[in-house]
Amino acid sequence: MTAISRRGVCAAGTTIAAMAALRLRPAAARDAVRPALPIPQELRPDARGEIAFTAEAGATSFMPGARTATYGYNGPFLGPALRLRRGETVTIDFTNNLPVPTTVHWHGLVIPGDVDGGPHRPVAPGQHWRPALSVDQPAATLWFHPHFYPTTAAQVTKGLAGLLIIDDEDADRLALPSRWGVNDIPLIIQDRRFGEDGQFFDRMNITAVTSGYVGDVPLVNGVRYPEARVARGWARLRLLDGSNARSYMLTASDGRPLFVIGSDGGLLESPVELKQIMIHAGERFEIMVDCRSGAPFDLVTLPVGEPIMRLPPFDDSVPLVTIRPDGADMPGQLPASLANLPQTPAELPPISQQLVMKMFRDEEGMMPLMKAGLAMGKSGKIDAAVIARVTKLIVDQPELSEAAQLSANGVNGRPFALDEPLFAAPRNQPLRWRISEGDDQMLHPVHIHGCQFRILSERGQPPEAYRAGWKDIAPISAGGYSDILVSFPYPADPHAPYMAHCHILEHEDSGMMAQFTVA
Ligand code: C2O
Ligand code: CU
Ligand code: CU
């Protein structure tokens, strides 16, 4: 393990050297403090159809003078972008070089339960796992991350996450911007909080299991406010909200339109023009932006509704990354139509499954925040004294005992249990499920394994156009509910069931997860 960790650390050093070299170019000299956006390396299967893949511990420098202990895939923080094509079968040769057990889950990949990498497929330190993944779904931006119960949140916080990109012929024919890192730009958006020792703050206390992780430093591809030098022309941004809990309301600093071309599981029927796009934990959207003029802009996040997500700096617009189109001219245009999605049947099946997200201790978590002055349903700035008191609760409240953590949340009335499949779903059948919450009014971006689904309605209304394509996450909030049309093409047996859970990882790790079989 040491050899590999050391190699990881060296790799980080090389990246920093490469960035320094970039900055020597005269045009960038005045911007010397801005780090370049790191572009995850593309990783394709070798001639034998294999991908060598490790999880390892390392250290990463996020700010001058501090080294933070981190985890990563094939490197010290985050991971490469795995690139698979529809129709191929690839074997992932995974080695766990971490000091802790982990799993690797392929979020959004529609595959059988036994290769899904859920909590039932732990890989012990030093051990291997060789799942064969057969890719049969449309081009999409998916991702991978650990799913080890109940420490997924801690492992993702440390850095375990990466992109998994599916290519196919239909998408190839559209000639979308596809020069990786040139006009096809991956953006993994996360937030972190650092302790005084420069390490990531991470504590499963009552605030965390109710409100989720609250960071105060935005990172894009692991770097604070980087700059991406891109081609002139149309740029494609692949957005992943890889945060444990935080939602972002993204917009361009100069108000230029964002054309949404894809959601979690693939391309939309046609581009959807928006000024702002909301993205929740675990979700992906692909957007295209017109960069033909060469004018730079910032991708910015605006304050969102959840009060705890409006603590500084997120009480104001926060620039996440600068897009500077000063590269070569690249041809390309925004296609008028993108993909053919199946029409939803006029006759819908009856609701066959309810998933009710439940918080058993929300009062206990929320009361102290409210007493500290955090007002619900208010917008605008928060008083400095309130910020100080709320931050103290986030940071100082004691860690819960494991028993208290594991019973804080649930689905359909009970907390997750590894040994008990909660329900069974029939294979290859269109199903209508309803996802809702108890009386807690919190935001829950609910994710389901083994499928890509369509949102039929949210609170009884049709979803907005940019959310009407393939999805694997249905966010619900403020007592809302969402009906989805879903079908499971592969089996998942009781030894390796699929998961349905809230993608606020602190909710997931405290019971807001259910397992189900497909046969
Ligand atoms: Cu992205 Cu079950 O997870
Ligand atoms: Cu998943
Ligand atoms: Cu939740």
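Which exposed residues does the face of α5 turned away from its buried side carry? Glu 363 and Lys 371.

## Ground rules

This is a predicted model, where local features need pLDDT of at least 70, side-chain atom pairs count only at pLDDT 80 or more, and totals for chains, interfaces and linings use all residues. Residues are numbered from 1 along each chain as its sequence is written, chains are lettered from A and ligands numbered from 1 in the order in which they are written, and side-chain values use heavy atoms, with hydrogens and water left out.

## Two copper ions

Start with the copper ion listed as ligand 3. His 444 (ND1), Cys 502 (SG) and His 507 (ND1) coordinate it at 2.0 to 2.1 Å. Donors here are N, O and S atoms within 2.8 Å of the metal (3.2 Å for Na, K and Ca), and with water not among the atoms, sites may look incomplete. Along the chain, the donors of this copper ion follow the spacing H-x57-C-x4-H. His 444 in strand β26 (residues 444-448) and Cys 502 in strand β31 (residues 498-502) are 58 residues apart, a pair linking distant parts of the chain. Helices (H or I, at least four residues) and strands (E, at least two) are DSSP runs, numbered from the N terminus. Both His 444 and Cys 502 are buried, meaning under 20% relative accessible area; exposed is over 50%, and partly exposed lies in between (1.4 Å probe, protein chains only).

His 105 and His 447 are both buried.

## The sheet around β9

Strand β6 leads on to an open sheet of 5 strands, in the order β1-β4-β10-β9-β6 with mixed pairing. β1 (42-43) and β6 stand at the edges with a single partner strand each, so one side of each has no neighbour in the sheet. Two strands count as paired if DSSP finds at least two bridges between them.

β6 and β9 run antiparallel and are joined by 3 bridges.

How many residues of strand β9 (residues 140-145) are buried? The count is 6 of 6. Ala 140, Leu 142 and Phe 144 are buried on one side, and Thr 141, Trp 143 and His 145 on the other.

## Helix α5

Back to the helix. In α5 (residues 362-371), the buried residues are Asp 362, Gly 365, Met 366 and Leu 369. They cover an arc of only 85 degrees around the axis, so they lie on the same side of α5; the arc is that of the directions from the helix axis to the C-beta atoms. An α-helix has 3.6 residues a turn, so residues three or four places apart point the same way.
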